[in-house]
Every structure is written in structure tokens, then in C-alpha cells.
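Please open the structure in your viewer and keep the sequence panel beside it. The stops below say what to select next and what is there.

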Amino acid sequence: FGSPEKFAKAAKEAKQEYIAITNHGNIDSAIKFQDACAAEGIKPIFGVELYVVSDIMLREKGEKRSHLTVLVRNNDGWKALMKILGIAHNDGQFYRPRVDPKILLEHSNDGLVYLTACASSVIHHKWGIDMLVSLEKIGCKIFCEIMPHDYDMQKTTNDLAIALSKKHKWPLVATNDCHYPKSDDSILQEILLAIQSKKKWDDPNRWKFSVTGLYVKTYSEMKKALAAAGIDKKIAEASLTQSVEVAKLCESFKVERKSVDLP
């Protein structure tokens, strides 16, 4: 139900100018996403939410993978991201396509923008913070991400992001995970999760999200949600404004269609 067409339409109805695609570990929907945004007059931003570990050679069942959001500014950044994802899938695959600081530092360039991501952010680890410092030194833009999701781990991550923003002068940016286009779609996602995990609806232990605000919000909805999550009003407004500045950094890039020469 969460097709590129529906997300682009939801963004237009929410009076948003931009929308970013950041699938976990892949860019599989990029072309459909770009076409859908063009049809609605929305500017697409391309990126990925990466799975990051301290060392891809360490493979232990039950490992905790951290997240890091990367956005593309230009063609050099796109090429760098393709290289990073290629390594993630070929060398880093262990339940998920993973990367580590060494890979990111070796292949990133100033065509990439890094955001600290969700409650599973790399900023909960010293190696993750050190990596961001090093990425900034090679020309990458770094932003600390806060989200309006009202649960303990996200609140802890928001507090840490705000502290790191002050310490390292990394601008704060407010974002919202969009797992479905409209607020009413949360029940559809819950049904799909039950089917995916092969759980009966009345199973009290079936996995589901603890929050329901994972849809394309309007500006006013974002302000209310950030306030409900305990974010200071001035910080919230500045972070929402900054989200547009991040989009402007990336708005000029588009995926070019190329001819395919079959053997």
C-alpha cells in the first residue's frame, strides 16, 4: 500500500516541496520514486538508511546493527553510494547488507550528506561519533537528526543528537520516518507485519510498532509531534527549517536514464 505514487501524492497533499527515499540498505525504488515525484511536482531526494557495524568481518548471530542515513548531492555522491552499497551486499552481507567506518571513510566524498538517523543511530557508540567526525574532515556534510516519536529510546537519541549538535556544530534537522503515506494506514502496516511474522492477530506477543505517527506529516503536524516528544519549541522550528536546507543541498541530483546494451 505504500507505493512511490502514494507517497508522492501524500507529500503534495501535505504541501511539502520535497520528499526523500531512504530504504534500508538499498535504492531499489529509486526510478519509480523519481517518476512518481515528477508526476506530482515534488522534488525527490535520494538516499539510503545504511546498516553500520564497527567491523563487517565480525559476524555474530544476534548482532546489533546501527543505522546511518546518507543522502546524495550530486553524481559523484551517487557513484560513491553505489560503491558503498556494492561492498555492503557483496562483502558485508550477514542477515543484512552492512558497512563499517573503514568502508565509509574510504569511499565517501563531498557529494554525500550524512544524517544521524533514528533511535538505532550510530551516535550511541563512540566509534560511530568518531566516524562522523572523520567523515566531516573529508568533506561530507553532517547533520544531527531528531524525530517526533514519543518513546524512550527515541527521546534518548534526540537528547544525544542535540548535545552532539552543540559540541560539534553539526546542524539539527527534524525528520519523520514514513512507513506509510496516511495516518489511517497504520492498521494496514500492522496487519502486514502480522502476516510477515506469521502471527495470529490475537497473539499478545506479535511484533508491532509502538508508535503510529509514521506517515507523511504537514508542517503543523510535525510541530505538534515534536512538542509532544518533548522537543523545545525553538529547537523544533529551527530543525524543521533546516530540513529544507538539507533538501536544497540535494535537489539538483536526479538519476539519469542510460541505454542498455545487451550482449
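Begin by selecting Asp-130 and Lys-126, which both lie in helix H5 (residues 126–137), 4 residues apart, or about one turn of the helix; helices here are DSSP runs of H or I with at least four residues, strands are runs of E with at least two, and both are numbered from the N terminus. Asp-130 forms a salt bridge with Lys-126, the closest N and O atoms being 2.7 Å apart, where a salt bridge is a side-chain nitrogen of Lys or Arg within 4 Å of a carboxyl oxygen of Asp or Glu. Asp-130 is partly exposed at 35% relative accessible area, whereas Lys-126 is exposed at 63%; buried means under 20%, exposed over 50% and partly exposed in between, with a 1.4 Å probe and protein chains only.

Before moving on, note that this is a predicted model, in which local features need pLDDT of at least 70 and side-chain atom pairs count only at pLDDT 80 or more, while totals for chains, interfaces and linings use all residues. Residues are numbered from 1 along each chain as its sequence is written, and side-chain values use heavy atoms, with hydrogens and water left out.

Next, select Lys-223 and Glu-237, whose side chains meet in a salt bridge (3.3 Å, N to O). This pair links distant parts of the chain, with Lys-223 in helix H8 (residues 219–228) and Glu-237 in helix H9 (residues 233–250), 14 residues apart. Lys-223 counts as partly exposed at 31% relative accessibility, and Glu-237 counts as partly exposed at 28%. Then select Glu-17, Lys-43 and Glu-251, which salt bridges with shared partners join into one network.

The search of the whole structure finds 13 salt bridges, and one of them is formed by the side chains of Lys-12 and Glu-40 (3.8 Å, N to O). Here too the pair links distant parts of the chain, Lys-12 being in helix H1 (residues 4–13) and Glu-40 in helix H2 (residues 30–40), 28 residues apart.

Turn now to strand S5 (residues 112–115), where Leu-112 and Tyr-114 point one way, Val-113 and Leu-115 point the other way, and all are buried. Strand S3 (residues 66–72) runs antiparallel to S5 and is joined to it by 4 bridges, with Val-113 as the bridge partner of Leu-71. S5 also pairs with strand S6 (residues 141–146), in the parallel sense and over 3 bridges, and in S6 the bridge partner of Tyr-114 is Ile-142; two strands pair if DSSP finds at least two bridges between them.

For the aromatic residues, select Phe-33, Phe-46, Trp-78 and Phe-253, which form one aromatic cluster. Rings of Phe, Tyr and Trp (its six-membered ring) pair if their centres lie within 6.5 Å, and planes under 30 degrees apart count as stacked, over 60 as edge-to-face and the rest as tilted.

Finally, select Ile-187, Leu-188, Ile-191, Leu-192, Ile-195 and Trp-201, which form a nonpolar patch on the surface with about 550 Å² of accessible area together. Patches are made of residues with over 30% relative accessible area and no salt bridge, like charges being joined within 9 Å and nonpolar side chains (Val, Leu, Ile, Met, Phe, Trp, Tyr) within 5 Å; areas come from the Shrake-Rupley method with a 1.4 Å probe, and for residues only the protein chains shown count as cover. Ile-195 is found in helix H7 (residues 186–196) and is exposed, with a relative accessible area of 57%.
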